[in-house]
Protein chains: 2
Amino acid sequence: MACDLCQLRRRTFFHQLSDEELSFVRSMKREQTTLSPDADILHTGETGKLFTLFAGWAYRYRDFPDGSRQILDFLLPGDLIGLQAAILPKTQYGVKALTAVSLCALDADMLDQMPERLPDLTRILLRSLMQDQRRTDGQLAFLGRRTAAQRMGYLLLELFDRLQRVGMTSDSWCQFPPQRRHLADALGLSGAHVNRSMADLRDSGLATLGNNVLVLLDRKRLETFAGYSAVDEGNRFIL
Amino acid sequence: MACDLCQLRRRTFFHQLSDEELSFVRSMKREQTTLSPDADILHTGETGKLFTLFAGWAYRYRDFPDGSRQILDFLLPGDLIGLQAAILPKTQYGVKALTAVSLCALDADMLDQMPERLPDLTRILLRSLMQDQRRTDGQLAFLGRRTAAQRMGYLLLELFDRLQRVGMTSDSWCQFPPQRRHLADALGLSGAHVNRSMADLRDSGLATLGNNVLVLLDRKRLETFAGYSAVDEGNRFIL
DNA sequence: CGTTTTTTTGAGAGCCATCAAGCATTGTGG
DNA sequence: CCACAATGCTTGATGGCTCTCAAAAAAACG
């Protein structure tokens, strides 16, 4: 599919590319791929690859020698995959498809030309990186200081809001493909306790999760419980 | 002190600015300040301020309604303070001086001109941001998955390496101003348990901390214990 | 030298991990 | 369409790590 026909980038959430920017992006575009759930998008240590995620969920993770794994981030449509790997020599993370995904492979080397050729887009990239940092700040803060159920609630709200921005929610529910083990690896919990935490949220009438569907039963109260507050992100970068 | 006389930026660890870049940075520079320990450098929510830290330690933190606090990051000489605040509308973090600090106030608005005027410097900024992200990835991973003593060891090693790059270490020891409560807030532990963790490290002959001095007694073994491995960072951005 | 702050140490409680077993769901081949 | 296996979810019991509270020791400060 051609870039200028892509529905995703039409969303107001994203920076609307000028003709010049769009032609630059088109020239970066290499190929479009589809992968099945659990497929590796980026192996740990692999470098120089860059993708835009157009459909589906993925996650960025880091493996430990003892076999455990930390999910650093979930990736949703519109997110860039592998920027760190494109810029730094040795990456220390991998990226896997969580659902079936459709990707757009990009020529990472052309990033170098961006500041000169597309200063506006460069500024927006910087802003998006600051947004990412802010989100990570929130993660760090609630990982260190909150109970399992609160962390759970926070993660659910954050994902819901991100999904909403790319039009993947209805009123108060959405498709939610992550399994227990993904949530466990993201929150630093055991799979068993993820379950207990979700049971807490359900019994308190805050949120339920079943059949790959997340329902926010009482968003206001869940926000209070989890210490979450939505942030207006402003426009975001997309390639 | 004039920028071109500054000793800190001469370190090979930092990108050596060209004449053009240096004159740009000079024109951004507003004033030089000195603050005492515990002084606020950036209040939570304050925006549009930008500093370079030239001497001393500071930390970036986020407060919770319940009074607890998470330290997101320690800031060392050469680090930029307030980039998020300069670019995004509402910041959700504050920055405080940990020791006496000396700062250089910069005109944040001039950042906008950087892509056009100094594309090389912009690329280096991007790389530094990716390095920061990689470091944060490590933090997230060990916060979620490691015991108190391991997290402690990891943090100590990371800080030691960062200090080394700016010449603030001797062989296997360094000045180490953070107090128990700072470490506690950084690691998501109670002050009491920080102490127990440090006692563990001391009793195992890995590291000791006393009188504001950190000594790495057996770096190799500490790295293994904490699951830390040093990363070659490459040159870093400085303003 | 007294006061305040920080560090150290102890006892008890709570949260969450681990282990293990039963249940539900999905997929497969007959 | 059903039997069966495989996978993931749920739930309980036990134990370990870390918190909280509290008080004493040490250090920093004026």
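## Helices and sheets in chains A and B

Helix H5(B) goes past H8(B) in a left-handed crossing; left-handed is the label when the near helix is turned anticlockwise from the far one by less than a right angle, and right-handed is the clockwise case. Before going on, some housekeeping: this is a predicted model, where local features need pLDDT of at least 70 and side-chain atom pairs count only at pLDDT 80 or more, while totals for chains, interfaces and linings use all residues. Residues are numbered from 1 along each chain as its sequence is written, chains are lettered from A and ligands numbered from 1 in the order in which they are written, and side-chain values use heavy atoms, with hydrogens and water left out.

Back to that helix pair. H5(B) and helix H8 (residues 219-226) of chain B pack at about 130 degrees, their axes 8 Å apart. That makes H5(B) oblique to H8(B). (Under 35 degrees is called roughly parallel, over 145 roughly antiparallel, 65 to 115 roughly perpendicular, and the rest oblique. The axes are lines fitted to C-alpha atoms, for helices over the stretch in contact, and angles run from 0 to 180 degrees between N-to-C directions. Helices, H or I with at least four residues, and strands, E with at least two, are DSSP runs numbered from the N terminus.)

Who meets whom? From H5(B), the residues are B:Ala149, B:Gln150, B:Gly153, B:Tyr154, B:Leu157, B:Phe160 and B:Asp161, and they meet B:Arg219, B:Leu222, B:Glu223, B:Phe225 and B:Ala226 of H8(B). Contact here means heavy atoms within 4.5 Å. Sorted by class, this contact of H5(B) with H8(B) has 7 nonpolar, 2 polar and 3 charged residues; Ala, Val, Leu, Ile, Met, Phe, Trp, Tyr, Cys and Pro count as nonpolar, Asp, Glu, Lys and Arg as charged, and the others, Gly among them, as polar.

H5(B) has another packing partner in H4(B), and the axes of that pair are 10 Å apart at about 165 degrees. H4(B) is therefore roughly antiparallel to H5(B). Their crossing is left-handed. On the H4(B) side you'll find B:Arg135, B:Gly138, B:Phe142 and B:Leu143, meeting B:Arg151, B:Tyr154, B:Glu158 and B:Arg162 of H5(B). The residues of this contact split into 3 nonpolar, 1 polar and 4 charged.

Over in chain A, H5(A) and H8(A) have axes that come within 8 Å and cross at roughly 130 degrees. These two helices are therefore oblique to each other, and their crossing is left-handed. By class, the residues of the contact of H5(A) with H8(A) divide into 7 nonpolar, 2 polar and 3 charged.

Here are the helix pairs side by side:

| Helix pair | Angle | Axis distance |
|---|---|---|
| H4(B) and H5(B) | about 165 degrees | 10 Å apart |
| H5(B) and H8(B) | about 130 degrees | 8 Å apart |
| H5(A) and H8(A) | roughly 130 degrees | within 8 Å |

Now the sheets. In chain A, 4 strands make an open antiparallel sheet ordered E1-E8-E3-E6. Strands E1 (29-35) and E6 (80-81) of chain A are at the edges with a single partner strand each, so one side of each has no neighbour in the sheet. Helix H1 (residues 19-28) of chain A packs on the sheet, touching E1, E3 and E8 of chain A, and its direction makes about 65 degrees with that of E1(A). Inside the sheet, E3 (residues 50-55) and E8 (residues 101-106) of chain A pair antiparallel over 5 bridges; pairing requires at least two DSSP bridges between the strands. A:Ala55 has A:Ser102 in E8(A) as its bridge partner.

Chain B has an open antiparallel sheet of 3 strands, in the order E9-E11-E10. Neighbouring strands of this sheet are turned by 10 degrees against each other on average, direction ignored. E10(B) and E11 (residues 213-216) of chain B run antiparallel, joined by 4 bridges, and B:Gly210 has B:Val213 of E11(B) as its bridge partner.
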